[in-house]
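Biologist: I would like to go through this model piece by piece. Please show the sequence and the structure before we start.

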Amino acid sequence: MIVCVAVVGHQNNPLYIQSFTDADDALKLHHIVHCSLDVVDERVNNPKKSGPTLNDTFLGLLYPTENYKVYGYLTNTKVKFILVTTDLDVRDADVRNEVPCCIC
């Protein structure tokens, strides 16, 4: 289940953050989204290790936590889409196929 979606600008400024859980978890999810930006920057700035290729803007699993998995998508204008899910059994291929459909 998706618990949080965030759209972050090219200067890491939040453009949109929506959590789909209780208000108690909202701050925790905002923190998770903020921390995931470090992983996105690391992957984009170090393409030799695990960054996306020129044609691959899906960043995949950014990092798992005990209760959540965080996925990222980077547009060609450097806008980032961050997805936080509680479904720990979801595969990267499933998220890859669904994220572009949601963005359009």
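Biologist: How many bridges join β4 to β5?

Modeller: This is a predicted model, in which local features need pLDDT of at least 70, side-chain atom pairs count only at pLDDT 80 or more, and totals for chains, interfaces and linings use all residues. Residues are numbered from 1 along each chain as its sequence is written, and side-chain values use heavy atoms, with hydrogens and water left out. Helices (H or I, at least four residues) and strands (E, at least two) are DSSP runs, numbered from the N terminus, and two strands pair if DSSP finds at least two bridges between them. β4 and β5 run antiparallel, and the number of bridges joining them is 6.

Biologist: In β5, which residue is the bridge partner of Tyr71?

Modeller: The hairpin of β4 and β5 has 5 residues between the strands, and Lys78 takes a positive phi near 70 degrees there. Across the strands, Tyr71 has as its bridge partner in β5 Leu83.

Biologist: Which residue in β5 stands opposite Cys4?

Modeller: β5 also pairs with β1, in the antiparallel sense, over 6 bridges. β1 (residues 2-8) pairs with β2 as well, antiparallel over 5 bridges, and there Cys4 stands opposite Ser19. On the β5 side, the residue opposite Cys4 is Val84.

Biologist: What is the order of the strands in the open sheet?

Modeller: The open sheet has 5 strands with antiparallel pairing, in the order β2-β1-β5-β4-β3. The edge strands, each pairing on one side only, are β2 (14-19) and β3 (58-64). Neighbouring strands are turned against each other, direction ignored, by 15 degrees on average; axes are lines fitted to C-alpha atoms, for helices over the stretch in contact, and angles run from 0 to 180 degrees between N-to-C directions. To repeat the order asked for, it is β2-β1-β5-β4-β3.

Biologist: What angle does the direction of α1 make with that of β3?

Modeller: From the N terminus on, the elements run β-β-α-β-β-β-α. Helix α1 (residues 23-45) packs on the sheet and touches β1, β2, β3, β4 (69-74) and β5 (80-85). With the direction of β3, that of α1 makes an angle of about 125 degrees.

Biologist: Is Ser36 buried or exposed?

Modeller: Buried means under 20% relative accessible area, exposed over 50%, and partly exposed in between (1.4 Å probe, protein chains only). Contact means heavy atoms within 4.5 Å, and Ser36, leaving aside its neighbours within four places in sequence, is in contact with Leu62, Tyr63, Val70 and Ile82. Because its relative accessible area is 0%, Ser36 is buried.

Biologist: How many of the 6 residues of β5 are buried?

Modeller: Val84 has contacts beyond four places in sequence that include Met1, Cys4, Leu29, Ile32 and Tyr68. In the protein chain of 104 residues, buried residues make up 38%. β5 is mostly covered, and the number of its 6 residues that are buried is 5.
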